[in-house]
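Student: I would like to learn how to read strands and helices in a model such as this one. Could we go through a few features together, slowly?

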Amino acid sequence: MKITEIRIRKMKMMMKKPFTTSFGTFQEKDFLLLEAKDELGNSGWGESVAFHSPWYSEETLETNLHIIKDFLVPIVLGNEISHPNQVSELFGHLRKNNMAKSTVEGAIWDLYAKRNKMTLAEALGGARKRIEVGISIGIHENADELIETVAGFVEEGYKRIKVKIKPGYDVDVMQKLRAAFPDVPMMADANSAYRLKDTELLQKLDGLNLTMIEQPLASDDIIDHATLQANLQTPICLDESIHSLEDTRKAVELGSTKIINIKIGRVGGLTEAKKIHDYCAEKGIPVWCGGMLESGIGRAHNIALTTLPNFTLPGDTAGSSRYWEEDVISPEVVVEDGYITVPDAYGIGYAINKQAMDRFTVEELVFQAQPSTAATGQ
Ligand code: OSB
Ligand code: MG
């Protein structure tokens, strides 16, 4: 297929409620959407999960925009691409900037699936018809308020509750939460807020029957995590530290992690995500799909990925209504009794809610291949 046009939208959406992690709070979501079109008029969509500020990783919306328009678009525009697996190879000589690469690659995966009349899940090799999902809950004022929020989501049927922790809001809160919900699958995510010297404190979480603790130590560490894991019963799950299959292999070989959170953007796209999935399946390491407070486009990609067989733990892909008054896709992502039914329409499986998308678009950039070869009309 030939990529004839790429459109980038700068988006601004307000989340229903602020989300607080060990880094801080935010409610306004600024991000990019990217549409890639082929010579037959098909269109595929990708989402950049980079945030406005570099608190989760070094990438931001603006660095993604720069990398995409100045480096990635020129590589794919006007180019003949036979399979989306080629895209990460085409980008291979450019270092890092994984979220930027993933934005373009994701749109091309969707385009490829639509063009070949398959769902994105089928194109990836996934078979599941419905996926199990959990929910990630931000830091609250106190344990009582957290318990009240958790009760609502348990009631809604979410299969696993993840709560954010930070120093001063950890052991005591988790003990109270566990006491309130003795049987609910539960985990904690520290977003790198601790150091190895906190081992004794983290050991107090052992005994609360947590499925895992996510990224307790530094975002660029796999060494101290191995030492911590040797002294902790609770399985460690790495998030921020994993950017590739190679990172995964090293972390697994060192014993730094027993579970992997796969985020498509963080690892540079669906092709690499699938490689990590396959490697972990071979090694007996369960994986689950993390979230980046995505709009419906990113959410749809997460759902497709989660249909692969080694996604055996519930992910963070909650329903659209947990985040947005109105999402940019139609229908929205709906969670029923803790499950999302995988859509059976081609590609990402959800249509664009054009009206909502236009309303949340701040700016649009259009790049076309040679006018003579550009797609004509829709
Ligand atoms: O660490 O998984 C994380 C949100 C933003 C950045 C990092 C993380 C998160 C979440 C929420 O935990 C996931 C979601 O609901 O999309
Ligand atoms: Mg995390």
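**Reading a strand and its neighbours**

Tutor: Let us begin with β6 in this predicted model, where both faces are covered, since Ile161 and Val163 on one side and Lys162 and Lys164 on the other are all buried.

Student: Why do residues that follow one another end up on opposite sides?

Tutor: In a regular strand the side chains alternate between the two faces of the sheet. In β6, accordingly, Ile161 and Val163 share one side, while Lys162 and Lys164 lie on the other.

Student: Which strands are joined to β6, and how do they run?

Tutor: Strand β5 (residues 135-137) is joined to β6 by three bridges, and the two run parallel, with Ile135 standing opposite Ile161. On β7, four bridges make the link to β6, again in a parallel arrangement, and there Ala188 is the bridge partner of Val163. From β6 the chain crosses through α6 to β7 in a right-handed β-α-β crossover, and β5, α5 and β6 likewise make a right-handed β-α-β unit.

Student: Which residues of helix α6 are buried?

Tutor: In α6 (residues 171-180), they are Val171, Val173, Met174, Leu177 and Arg178. Seen down the helix axis, these buried residues fall within an arc of 160°, so they line one face of α6. They pack against α5 (143-156), β6 (161-164), β7 (186-189) and α7 (199-203).

Student: Where does helix α1 bend?

Tutor: Helix α1 (residues 61-76) bends by about 40° at Ile68, a residue that is itself buried, as are Leu65 and Leu72, among others in this helix.

Conventions. Residues are numbered from 1 along each chain as its sequence is written. Chains are lettered from A and ligands numbered from 1 in the order in which they are written. This is a predicted model: local features need pLDDT of at least 70, side-chain atom pairs count only at pLDDT 80 or more; totals for chains, interfaces and linings use all residues. Side-chain values use heavy atoms; hydrogens and water are left out. Buried means under 20% relative accessible area, exposed over 50%, partly exposed in between (1.4 Å probe, protein chains only). The arc is that of the directions from the helix axis to the C-beta atoms. Contact means heavy atoms within 4.5 Å. The bend at a residue is the angle between axes fitted to the seven residues ending there and the seven starting there. Two strands pair if DSSP finds at least two bridges between them. A crossover is right-handed if, with the strands pointing away from the viewer, the path from the first strand over the helix to the second runs clockwise.
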